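This report describes selected sheets, helix packing and nonpolar cores in the structure shown below.

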Amino acid sequence: MATVQVSEAEKVYILHGIRDDLRVDGRGCEDYRHMEIETDVVSNTDGSAKVTLGHTAVLVGIKADIGKPRPMVPNEGYLEFFVDCSANATPEFEGRGGEELGTELSNTLYKVFNNKHSVDLKGLCISAGEHCWVLYVDVLLLQCDGNLYDAISVAIKAALFNTKIPRVHISADEEGGKEIELSDDPYDCMRLNVENVPCIVTLCKVGHRHVVDATLQEKACSVASLIISVTHKGTVTCTRKVGGGSLDPESIFEMTKAGKRVGKALHAPLMKLLQQEESLGKTRQKVGFLG
Amino acid sequence: MLKSKIFVKKTRAGGVMKIVREHYLRDDIWCGSEVCAECKQESAELQRDACIESNLCTYPHYVIPDTNVVLHQIDVLEDPVIRNVIILQTVLQEVRHRSAPVYKRLKDIIHEKEKHFYTFTNEHHRETFIEREPGESANDRNDRAIRVAAKWYCQHLKTSESDADGLKVVLLTNDQGNKQKAEESGLLVYRCEEYIKSLIGNPELVDRLALSNDDKNEITSSKLLFPEHLPLSKIQAGIKSGSFLQGTFRASRDNYLEATVFIQGDGEESTEILLQGLQNLNRAVYQDVVAVQLLPRDQWVAPSSVVLQDEGAAKDDNEEEEDEEEKALRISAAEAARKPTGKVVGIIKRNWRPFCGMLNASHIKESTRHLFTPADRRIPRIRIETRQASTLAGQRIMVAIDGWPKHSRYPNGHFVRSLGSAGEKDTEQEVLLLEHDVPHQAFSQAVLSFLPEMPWAITPEEMARREDLRSLTVCSVDPPGCTDIDDALHCRELDNGNVEVGVHIADVTHFLRPGNALDKEAANRGTTVYLCGKRIDMVPELLSSNLCSLRSNVERLAFSCIWEMNHKAEILKTRFTKSVINSKASLTYAEAQMRIDDTTMKDDTTNSLRALNKLAKILKRYRIEKGALTLSSLEVRFHMDSETHDPIDLQTKELMETNSMVEEFMLLANISVAQKIYDEFPDCAMLRKHPAPPLSNYDILLKAAKSKDVEIHTDSAKALADSLDMARVEGFPYFNTLLRILATRCMMQAVYFCSGMDTDFHHYGLASPIYTHFTSPIRRYADIIVHRLLAVAIGADKTYPDLMDKQKQSALSNNLNYRHKMSQYAQRASVAFHTQLFFKSRGILNEEGFVLFVRKNAIIVLIPKFGLEGTVFFDTKDKAAPHLVFDEDGPTLKVEQHTFSIFDRVKVTISLDASNIQHQKIRMSLIEPVIAGVSVPAPEVEPLAKKPKLDR
């Protein structure tokens with residue numbers, strides 16, 4: 001992961017600032033940096049979103065394909081994650097440099113999103129035990145400037161919101177043979193309910209306090225960080241400590257409480273924004289990657 | 001401007017794929033009209049004074065048909081009256097998806113300059129492109145695209161109009177909803193029928209209008225005669241699950257209530273399912289691909305041997321009669337004779353084409369509905385609507401089927417065109433070409449545009465690339481009257497005592513470049529078809545009779561195969577080269593023979609002919625020693641009257657030494673080339689094979705020979721050839737020829753194939769391990785491919801992707817095989833027709849012949865003098881049948897007291913049976929041996945002196 005060199009004096013400056021709830025870039029401890037979201041950016045996916053947070057940029061594309069349901073849950077579809085750490089983001093990812101981070105990220109994402117409380121997996125089932133939709137979620141890191149988890153989770157939620165799955169009909173003939181038929185209307189498609197899809201909030205413990213959306217410099221000063229996935233109701237669905245260092249139970253409790261608060265506050269404007277963009281329809285000016 | 005088109009597709013693996021195509025819109029697509037000053041087009045297709053006189057549109061106008069109008073009314077659009085039509089890209093694409101033949105016809109019309117058809121690429125025009133909207137079906141979207149484009153034309157022509165002569169655009173559609181919406185947006189729109197009927201002075205166009213399903217005047221009562229066809233999705237599911245079978249529908253020629261469905265199984269397993277009765281045939285027409293369901297075993301029937309023809313007036317009302325006919329079929333058959341029986345449940349693909357035939361005018365004078373009887377008895381009669389029944393009666397006409405509603409006894413169709421009076425030579429020729437699917441239209445402008453410009457001469461660059469063989473004494477030997485000379489020969493002594501023999505073949509591939517319209521047309525035609533007195537060229541005449549034809553005393557491009565041989569005709573060296581030759585003489589077989597025989601002639605040409613002849617004899621001996629077969633079939637030649645082109649006399653073809661001389665060298669060239677291209681391209685060489693026939697094919701030959709105590713061995717080609725040579729019967733000189741004729745019938749068809757797709761290359765008849773066709777590129781397309789392969793192999797030409805694609809090659813060889821077969825049938829039919837003409841002019845003749853086959857109720861007699869084969873039936877409909885005993889082992893047939901066996905000498909009287917004008921045939925009746933009640937007394941023959949024999 002991208003690292004920056006921070007001198008002792010800088011560290012002290014950052015630590016003291018955070019202690020007084022005033023960060024280097026002028027934010028408070030529970031403030032996010034400027035965030036930009038655009039959906040439907042890759043035309044040959046079924047749903048896509050691009051999120052920039054500070055200088056962190058991630059692109060998420062979702063492809064829906066027909067697969068066989070997992071034997072344990074025959075009436076549910078599932079999600080697959082793949083995180084590509086492109087060397088574009090930072091030279092350290094060159095070659096197989098990003099592999100470890102990619103695996104770690106995709107494992108976490110799988111834990112957070114692939115369950116029936118987050119996504120309506122039953123709705124992805126086409127015929128129990130035989131066919132279901134598999135959503136392949138491909139995450140591409142375009143630029144790393146700290147706080148990847150939060151940016152990725154927001155992008156996934158936006159991409160899921162944007163996903164249009166073609167509607168299929170099962171036609172059964174008298175012999176019991178089943179045939180999947182596609183509707184020939186490209187507008188005839190199914191949308192996912194993303195209400196319960198959680199967002200991840202990463203909290204970094206810096207000195208005695210913790211901050212949300214840490215920059216790389218702040219990250220360098222932090223002892224340990226905790227990721228918390230929170231739904232719009234404030235339910236915590238997953239917590240995980242990432243990176244080295246240790247946390248005492250007291251601060252974990254405090255950080256969870258802060259995470260819940262921040263996460264809840266994150267959902268409402270996000271949903272509003274997505275709906276607003278959707279309502280623009282075809283008149284929306286696409287920004288894409290050059291804007 | 002960039003737009004993207006998005007659609008989802010199901011993949012073969014069962015997945016779903018989202019496909020995104022980039023779609024560019026442009027603003028430099030011109031309207032194609034002469035009046036338009038805005039568009040910067042180079043040449044305008046649509047005329048300024050676009051006048052089709054019509055009651056509805058009295059002003060000049062352009063016509064825009066919608067997809068269904070094009071699909072159903074292509075016959076009307078082809079008429080020269082219809083001009084200035086805008087074909088939208090949307091329409092063109094839809095037509096292409098829905099019907100390939102109609103698409104091809106439409107493309108041909110568009111290419112025709114005089115028709116002034118213009119393709120407007122509205123899908124790429126910035127102002128006429130539309131995107132599909134939510135809730136809109138693909139069809140609705142296309143209809144809207146057509147309306148938007150029509151609207152655009154309206155406004156465009158209005159604004160660009162400086163002198164305002166009121167040019168308008170008329171949209172033709174038969175769709176009620178579309179019409180209404182178009183009217184709402186202020187377009188001029190008519191139903192196709194409305195418009196065509198309004199055209200002044202062209203009433204015959206109305207007949208060509210196809211009947212559409214929603215026509216108000218439904219033709220028959222609402223009573224359902226046939227069960228409903230299943231939808232395609234159900235059929236597919238059924239075929240998948242095995243409850244239905246898919247196959248090609250083959251109607252019976254003799255019985256209109258019976259048909260078989262040929263099911264292509266895996267590998268060799270193919271089965272046939274019998275269908276019986278109108279209900280079970282369920283509106284399938286010959287050659288349709290259908291889905292059939294097997295009936296339970298207890299309902300299986302045996303094929304009936306009854307001959308039933310659908311006769312009489314239109315019988316929608318008297319079904320009782322029909323039922324009786326069907327009952328007549330259900331004769332109780334022995335369990336063993338029963339065959340799998342089924343019924344048609346749905347049609348997978350219709351294979352309708354326009355059919356030739358004649359009109360049975362309705363008995364009611366004023367009626368406009370008539371029945372049409374196709375020439376092919378396997379096609380049901382078709383009901384058409386026409387006002388010109390009285391003029392059409394007695395003419396051969398073409399009719400296309402439009403549909404077969406389930407409550408109609410006959411399919412509905414429409415008149416396409418008249419071919420001329422029945423029985424006339426031109427008409428009959430046209431019919432036989434159409435019925436054998438021989439493409440015989442004049443070459444289109446697009447094709448002709450690829451011809452070299454005249455006057456043509458060999459350029460110096462071309463000369464430099466080729467070997468200059470102009471100094472050699474090359475000459476050609478062909479049948480008399482041949483103008484497409486594709487081979488020439490030379491032979492000269494070399495200084496080392498050996499001889500150099502060259503076969504020079506017309507270099508057609510120099511003119512026929514791969515992939516252009518000329519090449520595609522030639523590939524489709526596949527072969528030149530020779531009919532009596534007419535030739536249907538594969539390449540335009542400029543090439544076939546002039547630039548490619550190796551005529552004497554002109555410089556021509558050639559592809560040469562040159563051998564160095566010793567005097568024992570053993571090949572020492574072979575080489576191939578592109579060359580330029582200058583033939584010294586074009587001889588006929590007879591002329592060449594005369595030169596060889598005339599010992600006083602000592603010129604170069606004659607000497608080289610003599611040397612060639614000598615070598616050819618040795619080559620032939622080698623070939624026969626290896627086991628090549630000499631087979632025989634009688635070919636006839638007509639002596640034509642030079643003015644009326646009626647046959648005056650007919651003669652079996654005579655074979656001379658020079659025939660075999662040319663043949664021998666052609667075979668040698670073909671084999672040499674086959675070896676070369678196969679060595680070079682083992683995967684994609686186009687070769688020709690002749691499979692060995694299965695032994696059972698020889699049964700009839702063996703039995704026949706045995707009846708004369710002659711032993712025939714069929715273990716190998718060599719054994720067969722030898723035993724045929726040995727087979728002679730004292731006092732019966734014709735026996736050997738008859739036997740060879742029989743042997744020919746046992747053979748398999750020789751076929752073209754791609755070497756990468758097959759392993760068996762053997763040519764049985766020629767006893768050659770490998771063979772191809774190289775020597776007639778003017779008249780066979782296979783030779784063209786072989787030329788190209790050989791040219792690549794010797795580095796004289798470039799290759800191209802399709803040449804190396806074995807799948808494409810294989811598909812091409814299938815077409816060539818089909819065309820070749822059809823051309824042979826057409827040729828035979830043409831000979832048969834001319835034979836009929838001949839006998840019509842000669843009246844009744846008594847001739848001697850031989851029994852060639854013995855059947856259950858007839859004998860087949862061959863008249864050697866005319867090469868004519870005919871059937872003598874012993875049971876006729878109106879007469880009581882004589883006592884017949886058929887013995888299959890002989891085979892012999894005992895008629896009353898007399899026993900017929902193969903090779904018996906009989907005397908018959910030949911006459912023309914013109915009772916059925918569509919199917920005139922030669923009738924033969926027995927004169928000798930005299931059998932009471934069977935044979936007829938010898939009729940008076942007109943004295944021959946009355947008809948002086950005219951030899952040409």
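## Helices on a sheet of chain B

In this predicted model, helix H23 of chain B, residues 735–746, lies across strands E30 (845–854), E31 and E32 of chain B. The direction of H23(B) makes about 50 degrees with that of E30(B). Helix H25 of chain B, which spans residues 806–842, also lies across strands of chain B, namely E30, E32, E36 (905–913) and E37. H25(B) runs at about 60 degrees to E37(B).

These strands belong to an open sheet of 5 strands with antiparallel pairing, ordered E32-E31-E30-E36-E37 in chain B. Strands E32 (868–873) and E37 (921–928) of chain B each have a single partner strand, so they stand at the edges and one side of each has no neighbour in the sheet. From one strand to the next, the twist averages 45 degrees. Strand E31 of chain B, residues 858–863, is joined to E32(B) by 6 bridges, and the two run antiparallel. Within this pair, Val861(B) is found opposite Gly870(B) of E32(B).

## Chain B as a whole

Chain B contains 25 helices and 37 strands. Its length is 952 residues, of which 52% count as buried. Among the contacts in chain B with a separation of 6 or more, 67% join residues 24 or more positions apart. The accessible surface of chain B is about 45,400 Å², and carbon and sulfur atoms account for 50% of that surface.

In soluble globular proteins, nonpolar side chains tend to be buried together. The largest nonpolar core here has 88 residues, and the members that touch the most others are Trp563(B), Met661(B), Phe665(B), Phe774(B) and Tyr781(B). Helix H24 of chain B, residues 781–793, makes the greatest contribution to this core, with 10 residues.

Leaving aside residues up to four places away in sequence, Tyr781(B) touches Leu512(B), Asp519(B), Ala522(B), Ala523(B), Gly526(B), Met538(B), Arg788(B), Leu812(B) and Leu816(B).

## Helix packing in chain A

In chain A, helix H3 (residues 148–162) packs against helix H5 (residues 249–280) at an angle of about 40 degrees, and their axes are 11 Å apart. The crossing of H3(A) and H5(A) is right-handed. On the H3(A) side, the contact involves Val154(A), Lys157(A), Ala158(A) and Phe161(A). H5(A) contributes Leu266(A), His267(A), Leu270(A), Met271(A), Leu274(A), Gln275(A) and Glu278(A).

## A sheet of chain A and its helix

Chain A has an open sheet of 4 strands in the order E12-E11-E13-E14, with antiparallel pairing. Its edges are formed by strands E12 (209–212) and E14 (236–242) of chain A, each of which pairs on one side only. The twist of this sheet averages 25 degrees from one strand to the next.

Strand E11 of chain A, residues 199–206, pairs with E12(A) over 4 bridges in the antiparallel sense. Here Val206(A) is placed opposite Arg209(A) of E12(A). H5(A) packs on this sheet as well, touching E11, E12, E13 (224–230) and E14 of chain A. The direction of H5(A) makes about 140 degrees with that of E11(A).

Methods: Residues numbered from 1 in each chain as written. Chains lettered and ligands numbered in written order. Predicted model: local features only at pLDDT ≥ 70, side-chain atom pairs only at ≥ 80, totals over all residues. Heavy atoms only, no water. Pairing = 2+ DSSP bridges. Axes fitted to C-alpha atoms, helices over the stretch in contact; angles between N-to-C directions. Contact = heavy atoms within 4.5 Å. Buried < 20%, exposed > 50% of the residue type's maximum accessible area, 1.4 Å probe, protein only. Areas by Shrake-Rupley, 256 points an atom, 1.4 Å probe, with all protein chains shown as cover. Core = buried A, V, L, I, M, F, W, Y, C linked by side-chain atoms within 4.5 Å. Left-handed = near helix turned anticlockwise from the far one by under 90°.
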